[in-house]
Amino acid sequence: RRSYSSVRTLTLGLIPADGIGREVIPAAQQVLNALPSSYQLAFQFKHCEAGFEHFQQHGTALPQQTIDVLRQECDGALFGAVSSPSHKVAGYSSPIVALRKHLDLYANVRPVISTTTGAGEAAMGEKAVDMLIIRENTECLYIKKERQFTDSDGQVKAIAERLITQGASERAGRMAFRMALARQAVREKQPVDQRRWTGPPKVTIVHKSNVLSITDGLWRESIRHVYENTPEFRDQIALEEQLVDSMVYRMFREPEVFDVVVAPNLYGDILSDGAAALVGSLGLVPSANVGDNFVMGEPVHGSAPDIAGQHKANPIAAIRSAALLLENIGLSQPASAIYQAVDTTLRKGFRTPDLGGTATTEEVTEAVCKHLQ
Ligand code: ATP
Ligand code: MG
């Protein structure tokens, strides 16, 4: 007799885009499909076009159909990688930037977790790092309001405007606090000796308000305001601040003291790339673009044209991005299972050339699938 089951079906958009994106996104898809049936999850995948190659063939980097399918039919998405032309190409603009706008994905979220392998281990002295960097993704210097002119004294000058708003700062802060609580809920289910963070949930606000007292002042005040006026956050989360320069120093010296870190766009960009170096190859590091209604996982690496089509791409960043996507949809158990299968795979020595191994993309992917069972 068949037991009554309630399988949840998730519809996910897959946007491989360019270069190794076309190799690592199918790898992530294969891993999702290999999740044991005990998780009661089924996936329906929507294949979507975007990217520089698509622009070269069809004149658009992001077809309207992709936007519509993602918006109307999908619960989340996985993006591969997009090639950035080395010179300015008329009519071309990055599809990933446009997708973030269309789907209102206002934060970029990057977990920084020490792995049991590779450069990470040596660089870290085997410290148990488990931090989450949240980068505000809609404003700051990235509004690209720059101008250059020759002043009356004959000097060529360039000025960039930096936008910080109360609303964007508050929602980034709120996301940081919510994620700090969600991470705590996951930890509580882990055996104590596996927890990498044992204190109460903590959020660190990064800023430079000793110098930029108006813009960074508004950023920190807005986040503090959310904290002080939300009892759920105030009662359960420790809040601290770090000036961005000392944040860099501490992140490299003692990364194990951070839980959730929230930073304005530019500082967040720099911190999260620095943090990727802490834990090893680009091929290992996942990210997610997160809004209130949609999540899009995206490996941190680019399209790596130098190794595309050679079965050398490390699929782990994309596989972990798929797990991060599930985690942000509230499915932390299958997400943990994927993270663990990846750890086992690395520990057993299945490594692509970027980690000093000889395994192919397909071999690593199959090993992850096997260790999921
Ligand atoms: P793009 O213009 O798309 O950013 P890029 O040339 O900057 O392309 P990146 O993807 O940023 O390429 O990669 C930089 C280096 O890291 C390249 O040498 C690339 O081969 C390597 N690399 C990046 N991702 C991976 C991966 N998943 N597996 C193995 N090597 C990778
Ligand atoms: Mg690059």
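Let's start with A304: this residue is buried, because 22 other C-beta atoms lie within 10 Å. Buried here means 20 or more other C-beta atoms within 10 Å of the residue's own, exposed means 12 or fewer, partly exposed is in between, and C-beta atoms are placed from the backbone.

A word on what we are looking at. This is a predicted model, where local features need pLDDT of at least 70, side-chain atom pairs count only at pLDDT 80 or more, and totals for chains, interfaces and linings use all residues. Residues are numbered from 1 along each chain as its sequence is written, while chains are lettered from A and ligands numbered from 1 in the order in which they are written.

Back to A304. It sits in the loop between β12 (295-297) and α11 (316-328). Helices (H or I, at least four residues) and strands (E, at least two) are DSSP runs, numbered from the N terminus. The phi of A304 is near 40 degrees, a positive value in a residue other than glycine. Most residues other than glycine have a negative phi.

C140 has a positive phi too, near 70 degrees. Its place is the loop between β5 (130-136) and β6 (146-150). Is C140 buried or exposed? Buried, because 22 other C-beta atoms lie within 10 Å.

Next, the ligand. Ligand 1 is surrounded by 18 residues. A residue counts if its C-beta atom, placed from the backbone, lies within 6 Å of the molecule. The closest are G283, H301, G302, S303 and N314. By class, the shell has eight nonpolar, eight polar and two charged residues. For those classes, Ala, Val, Leu, Ile, Met, Phe, Trp, Tyr, Cys and Pro are nonpolar, Asp, Glu, Lys and Arg are charged, and the others, Gly among them, are polar.

Now helix packing. Take α6 (residues 166-188) and α7 (residues 215-228). Their axes are 8 Å apart, at an angle of about 50 degrees. Axes are lines fitted to C-alpha atoms, for helices over the stretch in contact, and angles run from 0 to 180 degrees between N-to-C directions. So α6 and α7 are oblique to each other. The scheme is this: under 35 degrees is roughly parallel, over 145 roughly antiparallel, 65 to 115 roughly perpendicular, and the rest oblique.

Which residues of α6 make the contact? Q166, S169, E170, G173, R174 and F177. From α7 come L218, W219, S222, I223, H225, V226 and Y227. Contact means C-beta atoms, placed from the backbone, within 7 Å. These residues divide into six nonpolar, five polar and two charged.

The second pair is α12 (residues 332-347) and α13 (residues 361-372). Their axes come within 8 Å and cross at roughly 120 degrees. This pair is therefore oblique. On the α12 side we have A337, I338, A341, V342, T344 and T345. They meet V364, A367, V368, H371 and L372 of α13. That contact has eight nonpolar, three polar and no charged residues.

E188 is found in helix α6. E188 counts as exposed, because there are 9 C-beta neighbours inside 10 Å. Its C-alpha is 9.7 Å from that of T198, 10 residues apart along the chain.

I113 belongs to strand β4 (residues 107-113). With 19 other C-beta atoms within 10 Å, I113 is partly exposed. Leaving aside neighbours within four places in sequence, I113 is in contact with V129, D130 and V279. A158 is 45 residues from I113 in sequence and 39 Å away in space, C-alpha to C-alpha.

Notes
Two residues are in contact if their C-beta atoms, placed from the backbone, lie within 7 Å.
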